[in-house]
Amino acid sequence: MNLLKFKLLLLAILASVVSLSAQDMREIIKQNPNYSASNLLSYIYQEQSYTPAPKGFKPFYISTYGRHGSRWHTVARHYEKATRFFVEAEAENALTELGREVYERMKVINEHAKGREGMLTEKGVREHHGIAERMVRNFPEIFSTKGGRECRIDCFSTLYPRCILSMAANNERIKELNPEVQFTRTTGERYKRFMSNTRSMKYVNAYFEAEVAPKWKKHFVNPDRFLLSLFKPEYVAKIEDKSNAMFRIYRIAGIMQNFDDIDVTLYDIFTAEELYSLWLYNNAHHYVVYGSSLEFGDVLASNATALMHQIMDDFDDVIANGGRSGCLRFGHDMILVPLINLLELEGRCPRVSVANVDDIHKKWQDVNITSMAANVQIVLYRNKQGEVLVKVLHNEKEVRLPFKSDVAPYYRWEDFRRHYAERIKQLEQLELPDELEKYRKASAVL
């Protein structure tokens, strides 16, 4: 491990004990450039102290939706498009000295990435091992098989290998801690409706790319110094979309933290202010396409209604009939964030207009919402009288829900069920905003 990587690791550990929402992201990124990577940030666990359950209540069921762990970029073109600039510049003898050095690093990265598109890394396995271990530690009653108690956990994954392997890593660690736990594991197209429904997100993303991205890149990103440090002026002058060229290389820099079998970094070729500016753009992009904006937040949350139906029906069944101890789901942030929006978790769903782009980062930071292995855990508690309480964790932190409870962060099941049944009903009745209608029609033609 080189000195720079060691420093980044050390800074990640130090930063993990601080709540990012209370910090200036400019300073956070200056201290640790990994945080500039937005949703490519590898999972960082912060040690928690939890509010004790009300007297007499014990956990008996856990329902989760978690993003896959750390991975390689999902498609080879991310590496190819970033490298193309170096290939072309070398052919024209237009690489600077730093550019030649960085090109050699890119060759190493490409060689390691070949054939691994979208695959879970060893770090991703460790992330899910850790989350699983802490679930067992935090809720021992759920995973107990003492006295002949049966513990059966249902698991669902999307069809992507990184999600299937995340499920396997979770189950493996739980089995190591208690070999008596029984798992059912399921994947398939029939579960796509509640595991990875992204219908309206496609329309929002199409709108963003066509009508927002070009002006926001110009607003946030100044690529001149960066590109001239790598390429000679005559080549830079020929690059049509300079901001995009810088962004391509930045995304390669960000993914590198997700694996530890390659001793290469690209962060040193950016200034701290450039990384901060790139994050501002990426964060705003994620807010519009995933988050809780005034314009699109509810229509995006509607993508998670099928998942929430499944969660609620599951709760109804297990409360009435028992027989199972949990349901663990392994998927993607493109449904995890809409689930967070649907739940309206405190501090995670601010309402900001897309027009107020310079205010988004002040109220919503993607690294706080959806890193690799990000997760929502919903836990049921019961007392001897049969009363049921619900507690929700986001990234293993207790969160409050948008309705009153005299025992918060615990909520009475009847109130939870009533509130979210109404929330689901409202979201399912939503009409698509006018801004998205033409993109829906264009999608229907394809």
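Predicted model: local features only at pLDDT ≥ 70, side-chain atom pairs only at ≥ 80, totals over all residues.

1. The largest pocket holds about 1,400 Å³ of space. Of the 43 residues that line this pocket, Thr74, His78, Asn205, Tyr290 and Met334 are the closest to its centre. Helix α9 gives the largest share of the lining, seven residues, and by class the lining has twelve nonpolar, 17 polar and 14 charged residues.

2. Helix α15 (residues 305-321) has 17 residues, which at 1.5 Å a residue should span 24 Å, and this agrees with the 24 Å between its end C-alpha atoms. Among the buried residues of α15 are Leu307, Ile311, Asp314, Phe315 and Val318, and the helix is followed by Gly322, whose phi is positive, near 65°.

3. Of the 29 salt bridges in the structure, one joins Asp268 to Arg105, with the closest N and O atoms 2.8 Å apart. Because Asp268 lies in the loop between α12 and α13 and Arg105 in helix α4, the pair ties together parts that are 163 residues apart in sequence. Asp268 is partly exposed at 43% relative accessibility, whereas Arg105 is buried at 14%.

4. A salt bridge also links the side chains of Lys438 and Glu211 (3.4 Å, N to O); Lys438 lies in helix α20 and Glu211 in helix α9, so this pair ties together parts that are 227 residues apart in sequence. Lys438 is exposed, at 52% relative accessible area, while Glu211 counts as partly exposed at 33%.

Technical notes: Residues numbered from 1 in each chain as written. Heavy atoms only, no water. 1 Å grid on protein atoms, 1.4 Å probe; cavity = no way out; pocket = protein on both sides within 12 Å on 5 of 7 lines; lining within 4 Å. Points joined across faces, edges and corners; volume = space filled by probe spheres on them. Helix = DSSP H or I, 4+ residues; strand = E, 2+ residues; numbered from the N terminus. Nonpolar A, V, L, I, M, F, W, Y, C, P; charged D, E, K, R; others polar. Expected span 1.5 Å × (residues − 1). Buried < 20%, exposed > 50% of the residue type's maximum accessible area, 1.4 Å probe, protein only. Salt bridge = Lys/Arg side-chain N within 4 Å of Asp/Glu carboxyl O.
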